[in-house]
Amino acid sequence: MGRVWAKKGTPPYVPTRSQHQKRLNVFGWVDPVNGFHGMMKAEKGDTTGFLKMLMRIIIRFKGKIIDLWVDNARWHKGERVRKFLLKNRNLHLHYLPPYHPELNYQESLWRTMRYEETTNVYFETLFDLEVSVFKRSQRWKPQKIISLCKLI
């Protein structure tokens with residue numbers, strides 16, 4: 001929820017039919033230099049979804065050496081990830097220091113996406129939210145991605 005009017009001294013009340021047990025899980029990547037990005041829906045935020053995202057990145061940048069910086073989420077590590085990296089030598093994972101989300105450019109994209117697409121908006125279904133988020137993502141131009149990453 002963004003800004004809302006409420007009587008002074010009382011918390012705002014917004015009746016919804018929210019389904020808190022449902023969640024849209026999305027993996028994403030960003031190329032902050034060229035302004036490219038990608039997103040993929042996943043069943044869960046887990047190692048399986050992460051490995052699928054890595055495979056998409058490898059296909060997208062076929063034949064190139066890929067340096068990918070990730071946070072320290074548990075699904076970014078482990079035996080399955082190590083085995084995947086051994087089979088895909090052109091992909092190199094680097095881990096960001098803990099507690100520094102400002103170094104993770106994907107977080108800037110998520111924050112902006114959430115603000116632009118979900119603030120003060122009610123989605124009837126989870127599918128409606130998914131369609132809205134992915135359409136917004138496709139409308140972003142490279143210059144916007146570069147500006148959100150603040151490399152300079």
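**Notebook: salt bridges and overall fold**

I began with Glu 79 and Arg 82, whose side chains meet in a salt bridge at 3.3 Å, N to O. The model I am reading is a predicted one. Both residues sit in helix 2 (residues 79-87), three residues apart, about one turn of the helix. I looked up the cover on Glu 79: its relative accessible area is 46%, so I noted Glu 79 as partly exposed.

Next I searched the whole structure and found five salt bridges. One of them pairs Lys 41 with Glu 130, with the closest N and O atoms 3.1 Å apart. Lys 41 belongs to strand 2 (residues 36-42) and Glu 130 to helix 4 (residues 126-139), so this pair ties together parts 89 residues apart in sequence. Is Glu 130 buried or exposed? Glu 130 is buried, at 19% relative accessible area. Lys 41 is partly exposed, at 43%.

Then I turned to Arg 136, which bridges to Glu 116 at 3.3 Å between the closest N and O atoms. Arg 136 is in helix 4 and Glu 116 in helix 3 (residues 105-118), so the pair links distant parts of the chain, 20 residues apart. I also traced a network: salt bridges with shared partners join Glu 116, Glu 117, Arg 136 and Lys 144. Glu 116 is partly exposed, at 27% relative accessibility.

Last, the whole chain. I logged five helices and four strands, in the order β-β-α-β-α-β-α-α-α from the N terminus. The C-alpha trace spans about 60 × 35 × 30 Å along its principal axes. Of the 152 residues, 33% count as buried. I counted 28 positive and 13 negative side chains, with the centres of the two sets 1 Å apart.

Methods
Residues numbered from 1 in each chain as written. Predicted model: local features only at pLDDT ≥ 70, side-chain atom pairs only at ≥ 80, totals over all residues. Heavy atoms only, no water. Helix = DSSP H or I, 4+ residues; strand = E, 2+ residues; numbered from the N terminus. Buried < 20%, exposed > 50% of the residue type's maximum accessible area, 1.4 Å probe, protein only. Lys, Arg positive; Asp, Glu negative; His and termini not counted. Charge placed at Lys NZ, Arg CZ, Asp CG, Glu CD. Salt bridge = Lys/Arg side-chain N within 4 Å of Asp/Glu carboxyl O.
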